[in-house]
Amino acid sequence: MHIKIQFGKCSCPKDLPYCICGAKKIGKIINKKPIEASIKEQQENSRARSAKLRILEKI
């Protein structure tokens with residue numbers, strides 16, 4: 001599932017005057033892009049290649 005849908009992003013059409021989907025915001029996304037391991041870390045730990053860190057601040 002997409003991260004914006006999981007954390008309360010409204011999926012209603014833009015032409016509606018108010019939200020009807022019932023999306024509730026449970027947190028604020030801190031970083032726009034996921035943080036990935038450095039090249040040095042990837043060389044030391046092969047599983048770090050696929051690791052992506054996302055930060056959410058709970059409201």
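Biologist: In which order do the elements of the chain run from the N terminus on?
Modeller: The order is α-β-β-α-β-β, that is, two helices and four strands. Helices (H or I, at least four residues) and strands (E, at least two) are DSSP runs, numbered from the N terminus.

Biologist: What should I know about the source of the coordinates and the numbering?
Modeller: This is a predicted model, in which local features need pLDDT of at least 70 and side-chain atom pairs count only at pLDDT 80 or more, while totals for chains, interfaces and linings use all residues. Residues are numbered from 1 along each chain as its sequence is written, and side-chain values use heavy atoms, with hydrogens and water left out.

Biologist: What share of the 59 residues is buried?
Modeller: Buried residues make up 7% of them. Buried means under 20% relative accessible area, exposed over 50%, and partly exposed in between (1.4 Å probe, protein chains only).

Biologist: And the accessible surface of the chain, what does it come to?
Modeller: About 5,700 Å², of which 54% belongs to carbon and sulfur atoms. Such areas come from the Shrake-Rupley method with a 1.4 Å probe; for residues, only the protein chains shown count as cover.

Biologist: How many salt bridges are there?
Modeller: The count comes to one, taking a salt bridge as a side-chain nitrogen of Lys or Arg within 4 Å of a carboxyl oxygen of Asp or Glu. The side chains of Glu36 and Lys52 form this bridge, at 3.8 Å from N to O. The pair links distant parts of the chain, 16 residues apart: Glu36 is in strand S2 (residues 35-36) and Lys52 in strand S3 (residues 52-53).

Biologist: Is Lys52 buried, exposed or partly exposed?
Modeller: Lys52 is partly exposed, because its relative accessible area is 46%.

Biologist: Turning to strand S2 again, what about Ile35?
Modeller: Ile35, placed in strand S2, counts as partly exposed at 44% relative accessibility. With Ile30, Leu53 and Ile55, Ile35 forms a nonpolar surface patch of about 340 Å² accessible area together. Patches are made of residues with over 30% relative accessible area and no salt bridge; like charges are joined within 9 Å, and nonpolar side chains (Val, Leu, Ile, Met, Phe, Trp, Tyr) within 5 Å.

Biologist: Where is Ile20 found?
Modeller: Ile20 is in the loop between helix H1 (3-6) and S1. Ile20 is exposed, with a relative accessible area of 58%. Its C-alpha atom is separated by 8.7 Å from that of Cys10, 10 residues apart along the chain.
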